[in-house]
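I opened this entry to keep track of what I looked up, one item at a time. The structure comes first, then my notes.

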Amino acid sequence: MNPFIKELLKSKAVESKGPAPQTSRGRRESREAVRTTGFQPSSFQEPANQGTSQILPILLKPLVPASAELTERSQPVALPKLVQPQPSESGLGANTTDGRDPCRVQGKTSKEQFLPKLPAAKPKTSARLMPKRKPSEGGASSLLECSDENFSYLLNSKKLLKGKPAREAVETMDESEVLDTILAHLQQSLQRTPATDPRQATRRLTAAGISAASQKTAGPQKSPKTPSQDKTALYYYYGVKLRESRNKDLVCKHLHILLKLAGQDEDREAISEAVGLVASCHLPEILAILGDYGHSVRKRKSLQKPGFERWMRATLMLCYGYAAVGAKAEDMFPQAELFVAEILFQMQGIDKDEGMKRCFLRSVVMITKALQHCGKEDFCVPHKTELATGIIEVLDEEPLGSCSIQVLHQAIITISCLTAWKPPLDSDIRSSLVCKSVEKVFSLPSLEVTKLRAGSPAHPTQTQDFYQQTVNACNSMLTGLLSESPNTETLKEILLHTNGWIESPKKYERGRAVSSTNYILKFASERSDFAFTQEFSLLGHLVAMLSLRIADSVKDIGMQAAEALYYLHRIIMGQQERDMEKKPKNKKGNIVKWFREDFLVSGPSVFFKNPTKIAKAFGEHLAPSQISELALKAIVHLRHEEVAISRGAGVLLSSFLEECGVDVQDLPTMIKDLYQNLPAITDPVTKEETLKALCNLALKRLNGVLDSLLECSLECNKSIAEMWKALACEPHLRMRLIRPLLKRLKDKESLSDIDQRRHSTSLVPIAATNALCLILSSPEPVDEIQGTFAHLLIALVTQIYMVIGTGRRGSNSSSNAEFPDTPLGSAIQALKNLITCASYGKEYNILGTQGCWDMLATPENFFEGLFQLMRVLFEYNKMHLNVTFKLAYTYLHRPHIKERTIGMACFTELLFHREIGPLYVKQDILDVLREWMGQPCPLMQILSIRGLGYFLQHSFKEKALEPFLSPLLTCALDSDRNVAKESIKTLHNMFRHLDTKDYAPMGLTLIPHLLRYFNDHDSEMRASSIGLFGMMLKGMKDGPKQSLKEDVSKAFVPLLVQLTDPWTRVVSKDAFATCIHYMNWGDMPKDLGELDPNFAPFYVYRTICKYIMQKNREKLPEMAAQMVDSLKSRFTSHREAAAILIGCNAHYMKQDLSTKEIENIYMTLRELQADHEPTVAKTAAEAIEEFLRHCGHRVNPKTIHSTSVRRSSMASETRK
């Protein structure tokens, strides 16, 4: 128990001697104002709060009139109604009560203005607790007397009437005797009515009922049941007599007896009313007795019957309430804290039943009413926080969705009464009150359920109107809490608990939530003292939810939501209106546009189904964080099951992003949510609005949108494709998309790895590649990319080189043209789309036919594919050639090695086109090539040598090329075959620009090295090596050397074999003649150089071989070995030429070759006889026949037999 309660209980209701506190009224109210307005404070008289007076039910039961001798007091308090009064069949249910004067004027209506009913309810005359007594015009009492004649049956048992009026008989009796007589009848009445069956309790008799019964008794009609027989009337009569007594001891004695009379709930009510009557004259005695009795009940808990303690505590709390109302203002005010402390004391330490809760709530209301009559300004209700905590406990114990709501209704009315007084409740207490109340009220059954259950035996007094009154009472309670501290902080605390119900799936719950929100916002908008104590952080969330509910399937909810937005905007503009003339700008520093528009004239429906106007009205007032919150809320509702809601969310999102997208915060989260929710949007209209919202946001924040979209673009799927294509279809965005994506494509800083393998790259270029692949997928040419074609071309090629090997190799990597499944496939597809969009359709088809895309997809053939791309792409259309070459040059200075490599590859391969040479200074290009030729990287050497070879198609002076000769000769001798190959090709082209006599001796060491490439599988390499061999041999001017003659001798057979190759025929013929000239054989037949091996090859080769054998027969064994090697060549012409040479030299071999060599040649020819080429097989057969004719005697017969059998078998298989 709280310390203040203990101390107050010890003091036993000692009256306070300090100055009287004052009530919390904004202005002093006269007693006449109290008469006309009831208990309500001034704040409740504002337009938005008038609904409170329309729904407060009566809390107190009616009382029976007392005598007319009471002293005149101030006007009583009109208590709010708890339950709609039910008509009584007997006419006694007028339910008129009065807490101060027990009498009412007969035949006249009170001049007091009672609380009005709901607009939908029929007007009824509200009862008063204690009607005020007024003197009549004739000086006699004009108020209804509680006549002793109505209780004359009490005197019949005493036989005191004897024809006398009951009043005269009572005056002859002693006070104690009268009270004992009433008490005896009360005890007999309690015995006749079992206390265990509350349904059999006697019906209460109200003051109006007694008056009506008296009039009926005087008339000719008889009432079946007179008021004198009513037990409640006895209690009331008992209280009147105790009040009239001046014997304090006698009053205390009977008050003790009165509290011990156990009975039903109506006994509790009647006892409390009696105590209230006595309090007007004997308040100190009542407080002392109630305090003593309350402590004795708690001390004797173990001796009492089950439930008695709860019944008694409830009775005591109700007695305190009636005592507060019945006491004089000057007596009650000093004891206000004691009243509150006592009822709080009785509520502690026990399980509460419904009776205790209702008595607690009613007593709190009556105490607040009594305090209102004290007329003290700025008075603070004692222990208001503790009272609110007790009400929270009551609310917490109420079940959710219950059809029995009397306690809930009472609790809400009690909170409304407390909010009229100072001090304002703490934020935590207020928040808890709102949370509990809203939860219980909003979850009440729907109107359809209440229609079925209203008037049922379980809830006979609860009508459908009563449920609606409870909801309205809750609204008034919320505005009452707001009126304590009318500012944005309090408004936020309240709306935090109502907002969650706006999204309820149940129509009636969200309907109540939207209606309450509208009611609260209207109240706040109409208060001139409503203040913005801090930024209204809930604004964005609130605007979002209300805007979405405008499209609700229930039209009334949509209208209520639109009105709520209207009042919310009035609140914002009302705050700003004060400073508008001085500074017509909002917090962002922008001039407010909407203040001068016509929405004030349009009325609350201005926002109904008009998201665009909502965005214009609220957009300029929302903070960046609130805009983001609103947008995220709308995104969540894009996939709402109701199509109207989802479409409304799409339009709302699009409108706000168009209006204030530049101020959006947390952009990555918003784009990610859009991306994740897009697949779940089934309605095409909603999806269209969603993509439009994305475009509106991109128009405001392009770079932020691109970066956020790229985070979602690591994989190509339908959702991300729709988003990128939507951006590309926007005319104002299409031109602005390419360059930012190109910039991010060139970002090679490693952010994270694709996988754990050694191949890794930045995620940003991969995402940018995917985006470009989708944007460029349009089959129509895109004019916007013409200015960036070269940049995109080299950047995409670089990206392919970066990611090559990270995905699956081969053409399958780019098989899905719409959604490539690997970074490599996406990069290749983007390159294809780029070439198509840039109107290179013919070149695209050629590249596909030559297998360029497959070569680009494999690491082994990547550069071959790149070389092919650069040659074919600009073969016909030269529009982008110059720009591409310049850009390739800039790539030579990039810090990343792979970028430099791609730059060098493009730079050198573009030199293949003759248009490049005249546009630039040749020496500058040569300097670049020479610099890269000295790099240790073999690839760099190959590219520079290849470029030099292309560039040599232009004319050059010897001095410009001389610095390249020595490096090229060194590279030609390199062990790396690729370096040597490119060097030999380039040297062949270079010696066309040089004097061979001056520069050929420098390559003396290269001549033996060239012989190994005479039979190379690369035709170009064979031609270059043979041509270079002949050119260098011509330039040798120091006379033949023995070593060089040996090398020349080794060249005869390869050169003879190459005479039949169309690729090398010309250079081989020239080189062969040069070799004979170098050997200085001199007597060569004049027509030898004019022979054509393709025409009568046996004759030609026989003539040549005869000449060579005459000059160089000692080299026949080496030459025979070369012929055998050529029989195994991959080229058909080489195998055929070698077979002919063997046949032509067979008669020389029989003497100069060993048996082993003879048999080896025979076996090789036999294998060649089964060649898949018919011409080769035929030539081999002829060569064997010639060979056996001259050398057959040296071949082992068994070998000949085995090969013949094998040959016959193979021939048979061939015929089959």
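**T479 and its helix**

I started with T479, which lies in helix α19. Helices here are DSSP runs of H or I with at least four residues, strands are runs of E with at least two, and both are numbered from the N terminus. The model is predicted, so I noted that local features need pLDDT of at least 70 and side-chain atom pairs count only at pLDDT 80 or more, while totals for chains, interfaces and linings use all residues. Residues are numbered from 1 along each chain as its sequence is written, and side-chain values use heavy atoms, with hydrogens and water left out.

Is T479 buried or exposed? I found T479 buried, because its relative accessible area is 0%. Buried means under 20% relative accessible area, exposed over 50%, and partly exposed in between, with a 1.4 Å probe and protein chains only. A polar atom of the T479 side chain lies 2.8 Å from the backbone oxygen of S476.

**α17 against α19**

Next I looked at what α19 packs on. Helix α17 (residues 427-442) packs with helix α19 (residues 464-484) at an angle of about 165 degrees, and the two axes are 10 Å apart. Axes are lines fitted to C-alpha atoms, for helices over the stretch in contact, and angles run from 0 to 180 degrees between N-to-C directions.

At that angle α17 and α19 are therefore roughly antiparallel. I wrote down the classes: under 35 degrees is roughly parallel, over 145 roughly antiparallel, 65 to 115 roughly perpendicular, and the rest oblique. The crossing of α17 past α19 is left-handed. That term applies if the near helix is turned anticlockwise from the far one by less than a right angle, and right-handed applies if clockwise.

Which residues of α17 and α19 meet? From α17 I listed R430, L433, V434, S437, V438 and V441, and from α19 T470, V471, C474, M477, L478, L481 and E484. Sorted by type, the residues of this contact between α17 and α19 are nine nonpolar, two polar and two charged. Ala, Val, Leu, Ile, Met, Phe, Trp, Tyr, Cys and Pro count as nonpolar, Asp, Glu, Lys and Arg as charged, and the others, Gly among them, as polar. Contact means heavy atoms within 4.5 Å.

P423 lies in the loop between α16 (406-419) and α17. The peptide bond from K422 to P423 is cis, with omega near -5 degrees.

**α28 against α30**

α28 passes α30 in a right-handed crossing. On the α28 side the contact is made by L667, P668 and I671, and on the α30 side by G704, V705, S708, L709 and E711. Five of the residues in the contact of α28 with α30 are nonpolar, two are polar and one is charged.

**Two positive phi values**

D666 lies in the loop between α27 (643-660) and α28 (667-677). Its phi is near 55 degrees, a positive value in a residue other than glycine. D666 counts as partly exposed because its relative accessibility is 43%.

K609 also went into my notes, with a positive phi of about 55 degrees although K609 is not a glycine. K609 is in the loop between α24 (599-602) and α25 (611-619). At 60% relative accessibility, K609 counts as exposed.

V514 is in helix α21 (residues 507-525) and is buried, at 0% relative accessible area. Apart from neighbours within four places in sequence, V514 is in contact with I502, R549, I557, Q560 and A561. I also noted 9.7 Å between the C-alpha atoms of V514 and A562, which are 48 residues apart along the chain.

H1009 is in helix α46 (residues 1007-1010) and is buried, at 8%. Its side chain makes a polar contact with the side chain of Y1013 at 3.4 Å. A polar contact is a pair of N or O atoms within 3.5 Å; within protein, one must be able to donate a hydrogen and the other to accept it, and residues adjacent in sequence count only if both atoms are side-chain atoms. The backbone oxygen of A972 lies 3.0 Å from a polar atom of the H1009 side chain.

**Whole chain**
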